[in-house]
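Grab a pencil and work through the exercises below. Try each task on your own before you read its solution.

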Amino acid sequence: MAAFSVLSGGDVHALLEGREKDVMEQVRAAYLTHHAGESVNPDSYFLRFPEKPDARIIALPAYLGGEVGVAGIKWISSFPGNVARGEPRASAVLVLNDYGTGRPMALMEAAGISAARTAASAALACTVLGGDAPATVGVVGGGVIARTLCQYLHATGVPLDRVRCHDLDPLSAGALTRHLRERYGSGAREGDLEAALDCDLVLLATTAPSPYVPAGHRFRAGQLVLNISLRDLAPETLLAADNILDDVEHCLKADTSPHLAEQLTGGREFVTGTLAGVLRGEVARHPDRPVVFSPFGLGVLDLAVGHWLYRRGLEEDRLMPLPGFFAQTRRW
């Protein structure tokens, strides 16, 4: 029986550094495995607090089959109040379970994993849903997810020369703008919401609990909107676009923008298809409409990236084994 191991956040960061395309390939393979029915991805469970209505801790259990063959769970908190103290909003751990025995085999710091798989999913969508390279990029939300999204888009060749950053918190917008200038030589500038929404490629990465973009807003044909935060857009906006989801059943829950669109129309005809369907050439899109990609964020993606990091951690001797973690290893 292999020893239970821990992979620290520092090692996760080191293993991810410069491997954006590898992470995207893990996410791509996980989407196709999930599409083929070789996974189990139950609903996420939200732990909420009466005295902290904006805070939550989410459990994402999953099993990913195919070439991965691992089960596990991500336990991720979102406490927006941390931001005012200069601390990250999200923190997380990921547990991997051996599929043969069910035993937990590793515990990983997972805020970095969660950000990476989210950014890889968005960058993958950009490569398959976008047309020509966008001349302008609008980023709404100035946190860790937005920063990581830009990192992965840059790795795929998306130019970051003309970026418009918007956040209700000017300090966050300013921090992201400086980061893009310093790291990528970008001509990024802070701007208002309308300027960001008018860009060729729009990244929505906020913590808004409900739509705030006006219901009358319409994106133009050719725009690609990465609706990562899922709740920024009014349902009427989605009805005027091609809508690509990562998983229909998961996205149409919990008052996401696609869920509100289903409630408004009484049906799912507005859903164009899934990203896996696009990858397989099974989805027909309308060239005269904008495209909105709305990923719920599946637990199987965390498992795919976590298992890949586990294997790399073994190869590079980065895993910290905890011998004797399980008191009983034999039944008798």
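## Exercise 1: Two chain ends

Task: find where A3 sits and say what it touches.

Step 1. A3 is found in the segment before β1 (4-7); helices (H or I, at least four residues) and strands (E, at least two) are DSSP runs, numbered from the N terminus. A quick word on the ground rules: residues are numbered from 1 along each chain as its sequence is written, side-chain values use heavy atoms, and hydrogens and water are left out. You're looking at a predicted model, where local features need pLDDT of at least 70, side-chain atom pairs count only at pLDDT 80 or more, and totals for chains, interfaces and linings use all residues.

Step 2. Check the cover. A3 counts as partly exposed, at 34% relative accessibility (buried means under 20% relative accessible area, exposed over 50%, partly exposed in between, with a 1.4 Å probe and protein chains only).

Step 3. List the partners. Not counting residues up to four places away in sequence, A3 touches M105, P321 and L322, where contact means heavy atoms within 4.5 Å.

Step 4. Now look at A327. A3 and A327 are 324 residues apart in sequence, yet their C-alpha atoms are 12 Å apart in space.

## Exercise 2: The whole chain

Task: describe the overall build of the chain.

Step 1. Compare the radius of gyration with the globule rule. The chain has a value of 20 Å, close to the 20 Å that the rule gives for 332 residues, so it is as compact as a globular protein of that length. (The radius is taken over C-alpha atoms, and the rule is 2.2 Å times the number of residues to the power 0.38.)

Step 2. Look inside. Of the 332 residues, 49% count as buried. Among contacts with a separation of 6 or more, 67% come from residues 24 or more positions apart.

Step 3. The domain assignment, which is automatic or from a database, gives domain 1 (5-113 + 299-321) and domain 2 (123-294). Their centres, taken over C-alpha atoms, are separated by 23 Å, and 15 residues of domain 1 are in contact with 22 residues of domain 2.

## Exercise 3: Helix α9 and its cover

Task: work out which residues of α9 are buried and what covers them.

Step 1. Start with S257, which lies in helix α9 (residues 257-265). S257 counts as buried, at 0% relative accessibility.

Step 2. Go along α9: S257, P258, H259, A261 and E262 are buried.

Step 3. Find the cover, which includes β12, α7, β13 (242-245), α8 (248-251) and β15 (291-294).

Step 4. Zoom in on S257. Leaving aside neighbours within four places in sequence, S257 is in contact with N227, L230, R231, D232, L233, P235 and L238.

## Exercise 4: Positive phi

Task: are L230 and D317 buried or exposed?

Step 1. Recall the background: most residues other than glycine have a negative phi.

Step 2. Take L230, whose phi is near 70°. L230 is found in the loop between β12 (224-227) and α7 (235-239), and at 4% relative accessibility L230 is buried.

Step 3. Take D317, with a positive phi of about 55°. D317 is in the loop between α11 (299-315) and β16 (320-322), and is exposed, with a relative accessible area of 68%.
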